[in-house]
Amino acid sequence: MIDIAVIDYGMGNLRSVSKALEHVAPDAQVLVTSDPHAVMQAQRVVFPGQGAMPDCMREMEARGLHQAIMEAAQTKPFLGICIGMQMLFDHSEEGNVAGLGLFPGNVLRFPHEAMVSASGEKLKVPHMGWNEVYQAEPHPLWAGIADGARFYFVHSYYCQPATPDYIAGTTNYPFPFTSAVARDNIFAVQFHPEKSAAAGLALLGNFVRWDIGA
Amino acid sequence: MSLAKRIIPCLDVTAGRVVKGTNFIDLRDAGDPIEIAKRYDDQGADELTFLDITASSDERDVILHVIEAVAAQVFIPLTVGGGVRQVDDVRRLLHAGADKVSMNTAAVLNPQLIADSSARYGAQCIVVAIDAKETAPGKWEVFTHGGRKNTGLDAVEWAKKVESLGAGEILLTSMDRDGTKIGFNLPLTRAVSDAVDIPIIASGGVGNLDHLVAGVLEGHADAVLAASIFHFGEYTVRQAKEYMAQHGIEMRL
């Protein structure tokens with residue numbers, strides 16, 4: 001029995017994700033895998049992503065994971081992280097590539113001309129560091145986490161949903177952007193919960209306990 | 001409220017121990033890297049940086065075991081540098097649990113290393129460390145080999161170059177300040193930070209908490225790195241963060 005599958009398509013460090021899951025669920029079997037059958041058999045699926053979205057999409061497809069990811073995203077607790085959130089949308093400006101289309105909307109680059117703070121300070125891209133996440137609505141994955149808690153971000157592109165229906169969290173840099181989305185059994189975050197100290201571990205703990213039938 | 005400025009304790013590691021010296025010499029033992037990493041995490045450190053200062057290449061694997069152990073227990077971003085010469089070194093460090101890899105001398109000798117590593121693993125995990133010395137008033141040049149060799153490269157121009165090659169962040173050390181405790185070289189920090197769009201970590205010379213405040217407010221740094229003020233118990237990371245917040249800097253408290 002695989003409790004949690006962390007989908008590995010060859011893009012970077014998944015050790016942090018698996019170690020953080022093992023930390024919050026010491027009794028769970030956490031498997032980092034690129035095997036579509038293992039993804040289909042798992043009770044819960046974590047879909048991380050690092051680097052550039054076109055590379056992530058290509059490597060994911062090359063490993064034959066598309067169908068297993070779509071099936072998991074429709075049936076069981078599913079957590080997208082960083083590029084793993086961006087890949088759930090229709091399209092990304094990064095490399096002009098199509099995503100999986102599970103959320104309507106696009107992935108856009110932080111526009112150079114907008115990157116100035118209220119006090120006139122230049123804002124750097126990538127958006128790197130700890131920023132506040134404002135919860136749009138109560139959700140089991142926000143349980144016990146303060147509204148406005150800081151999480152660790154590192155990204156140059158952000159998701160812009162076509163409708164506000166699925167927005168679960170927003171963050172300001174300098175304008176409000178969508179830092180979390182939720183729909184049925186899917187929750188996806190732009191930040192890295194596995195690198196976000198206590199707040200991140202709380203979110204991962206909520207995910208491993210999330211009962212989508214409740 | 002928006003993005004917080006970061007405090008990054010730096011751990012210089014050799015033979016599995018954290019050490020600290022002045023201008024890269026006179027090393028003092030500061031303790032066990034895993035214990036120190038956990039202590040700084042408990043104190044609210046925003047990230048940790050490990051620099052492998054081991055001279056001989058046959059001891060390189062020691063840092064991998066240190067990072068593996070830290071990454072299993074500390075859930076904040078970890079940057080690792082020192083001795084990174086090829087893309088495969090980046091891969092090994094990322095697989096050991098590093099979130100970002102810092103490169104210095106090898107990036108100067110072979111700038112393509114930045115481009116290749118960034119293309120393979122993403123700009124978000126590629127940090128270029130720049131060691132600069134003031135060679136004339138208002139002029140800073142890049143030094144390599146632990147500060148011993150002047151490359152003749154202008155620090156500001158090199159910063160722009162590494163950004164264009166795909167670096168996601170710059171760790172900027174003022175070599176003539178390192179270990180002196182007289183504060184960051186603020187004109188250098190500001191010149192580099194204002195010249196690029198990627199984040200800058202200021203390093204070298206921190207002796208008190210006002211130096212950290214100045215690094216952000218006057219140096220325009222996105223993050224500040226310090227070692228000895230934390231290692232020997234002068235200040236906790238939390239004290240430093242609270243002090244910076246009192247001076248109007250947005251921090252994660």
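The side chain of B:Lys100 makes a polar contact with the side chain of A:Tyr152, at 3.1 Å. A polar contact here is a pair of N or O atoms within 3.5 Å; within protein, one must be able to donate a hydrogen and the other to accept it, and residues adjacent in sequence count only if both atoms are side-chain atoms. The model is predicted: local features need pLDDT of at least 70 and side-chain atom pairs count only at pLDDT 80 or more, while totals for chains, interfaces and linings use all residues. Residues are numbered from 1 along each chain as its sequence is written, chains are lettered from A and ligands numbered from 1 in the order in which they are written, and side-chain values use heavy atoms, with hydrogens and water left out.

B:Lys100 belongs to strand 6 (residues 100-103) of chain B. Helices (H or I, at least four residues) and strands (E, at least two) are DSSP runs, numbered from the N terminus. B:Lys100 counts as buried because its relative accessibility is 1%; buried means under 20% relative accessible area, exposed over 50%, and partly exposed in between (1.4 Å probe, protein chains only). Among the residues that B:Lys100 touches are A:Met128, A:Tyr152, B:Glu47 and B:Glu169, where contact means heavy atoms within 4.5 Å.

B:Leu3, B:Phe75 and B:Asp197 supply 25% of the area that chain B buries against chain A, more than any other three residues.

The next features concern the backbone. Most residues other than glycine have a negative phi, and most peptide bonds are trans. In chain A, the peptide bond from A:Val125 to A:Pro126 is cis, with omega near 10°, and A:Pro126 sits in the loop between strand 7 (103-109) and strand 8 (127-132). Another cis peptide bond joins A:Tyr173 and A:Pro174, with omega about -25°; A:Pro174 is in the loop between strand 12 (167-172) and strand 13 (176-183) of chain A.

A:Asn96 has a positive phi, near 50°, and its relative accessibility of 60% is why it counts as exposed. B:His220 is not a glycine either, yet its phi is positive at about 60°. With 28% relative accessibility, B:His220 counts as partly exposed.

How values were computed:
Buried area is the accessible area (1.4 Å probe) that two parts lose on being put together, summed over both. Lists of a residue's contacts leave out its neighbours within four places in sequence.
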